[in-house]
Amino acid sequence: RLRKGQVELAASGFAGNVGASRASKSYAGKIRLREIQGESRCMAKPVLIAVDDDAEVLRAVERDLRTRYAEHYRIVRANSGASALQALQSLKKRNEPVALFLVDQRMPEMSGVEFIAKGIDVFPEARRVLLTAYADTDAAIQAINHARIHHYLLKPWDPPEQNFYPVLDDLLSDWQASHKPVFEGVKVLGHRWSPRSYGVRDFLARNQVPYRFFDVETADRNPEIQKMVDDNGGATAKLPIAIFADGTALSEPTIPDIAMRLGLRTRADMSFYDLLIVGGGPAGLGAAVYGASEGLRTVMIESEAPGGQAGMSSRIENYLGFPSGLSGADLARRAVTQARKFGVEILAPQEVTKLRVDGASKFVTLLDGTEIGAKALVIATGVSYRKLAVPGMERVQGAGVYYGAAMTEAATC
Ligand SMILES: Cc1cc2nc3c(=O)[nH]c(=O)nc-3n(C[C@H](O)[C@H](O)[C@H](O)COP(=O)(O)OP(=O)(O)OC[C@H]3O[C@@H](n4cnc5c(N)ncnc54)[C@H](O)[C@@H]3O)c2cc1C
């Protein structure tokens, strides 16, 4: 049984006090990490929140909700109105949508109607269902009129196929029809022709982090962009600015700043491995998968984004096993998932700057100065392109002159 004031984020298996910053942070971190690792790149599932002070009823509600809706919704349960309100606040902060309040009317301290009246302020679009006993029917009917409740359900509702799901199906499809999902990726605010803005966009695109670019030069025609500028320092804003799903922002971020903020892994867990691979293009990823699948403790170090040059290709037609072709980004994502499945540690973005051999062991120095060793070393650093030998070229690189053909550039054509 949950203690008073506790709420359980059922789908994640995480239970804790909402508002306890460590717990909620680690939960939010898990979502972000899973998203960017490409294992679950979908938007956060909308939440159905069930509130009842009776533990047995709460369990039954959760069970019935899970049975039918767990695939598309996340079920959150709370055992009091106060703890449910706290849960709503933290869901709001994390930009997670709430589709349904399913609330018992008779609860001590805060009744169902009182909770709904407050919950509407946080999630006005959520569909609102009151659970009532037969004796409370009159109160429920009044609540429909006064507290903007969509429906009341009499307890018990068995069989759910008849008395529970049809009502919720209808309300949820209604909610889906009117719901505009919040964009959950990174918003990049900057100048279209700024090399730094381009660098941030290119990094996010190549690491398959969903992002949207907002060109400050169009702020006078676009109130959304104007508001972003105003919220981030107005005329003195230090661009580019990366704004994350939780509303926090980084001004003039470096790539390592963004990588750290996104939870990308740049440090090794161990100091010595069986196999160390420098470069995360198709060759490095292939070596990593085969090494780790043979049981070797494997680390792969990539300075930009796993996938290498192949990650920039819009369509690869000649990769074995994919007769109708696939995009380079898709190939990279699949290879990274496969490598991780076998336990490969992928450090990216991280660069190898030095190499030394000591007897049978090989050691590499990383850009941050740390050293990692291994019994075997594979160097799979691919190509580096010749740059145009034209005076002043560096100044316009990323600001009109580009190397490679990543999809990031397509938007500027
Ligand atoms: C736009 C485009 C489209 C393409 N389309 C096709 C196609 O359709 N079919 C086809 O067969 N080939 C295609 N290619 C070529 C193919 O992508 C390359 O042959 C292939 O990627 C080479 O793989 P690789 O792993 O050897 O090297 P790369 O893909 O070059 O990967 C090397 C990696 O090592 C990293 N690295 C370098 N130095 C360091 C360091 N010091 N520390 C850490 N990491 C480092 C780099 O960042 C890079 O990610 C295409 C290439 C491009 C650019």
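A residue counts as buried when its relative accessible area is under 20%, and as exposed when that area is over 50%, with partly exposed in between. In this predicted model, tyrosine 69 has a relative accessibility of 6%, so tyrosine 69 is buried. Tyrosine 73 also has a relative accessible area of 6% and is therefore buried.

These two tyrosines belong to the aromatic pairs of the structure. A search of the whole structure finds eight such pairs. In one of them, the rings of tyrosine 69 and tyrosine 73 lie 6.2 Å apart, centre to centre, with 85° between their planes, an edge-to-face arrangement. Another pair joins tyrosine 319 and phenylalanine 322: the centres are 6.3 Å apart and the planes 45° apart, which is tilted. Tyrosine 319 has a relative accessible area of 37% and is partly exposed. Phenylalanine 322, at 25% relative accessibility, is partly exposed.

Ring pairs also connect Tyr69 and Tyr73 with Trp157, Phe164 and Tyr165 in a cluster.

The helices are H2, residues 55-69, and H7, residues 165-178; their axes come within 12 Å and cross at roughly 60°. Because of that angle, H2 is oblique to H7. The crossing of the two helices is right-handed. Sorted by class, the contact of H2 with H7 has five nonpolar residues, three charged ones and one polar one.

Key
Residues numbered from 1 in each chain as written. Predicted model: local features only at pLDDT ≥ 70, side-chain atom pairs only at ≥ 80, totals over all residues. Heavy atoms only, no water. Axes fitted to C-alpha atoms, helices over the stretch in contact; angles between N-to-C directions. Helix = DSSP H or I, 4+ residues; strand = E, 2+ residues; numbered from the N terminus. Parallel < 35°, antiparallel > 145°, perpendicular 65-115°, else oblique. Left-handed = near helix turned anticlockwise from the far one by under 90°. Nonpolar A, V, L, I, M, F, W, Y, C, P; charged D, E, K, R; others polar. Phe/Tyr/Trp six-rings, centres within 6.5 Å; stacked < 30°, edge-to-face > 60°. Buried < 20%, exposed > 50% of the residue type's maximum accessible area, 1.4 Å probe, protein only.
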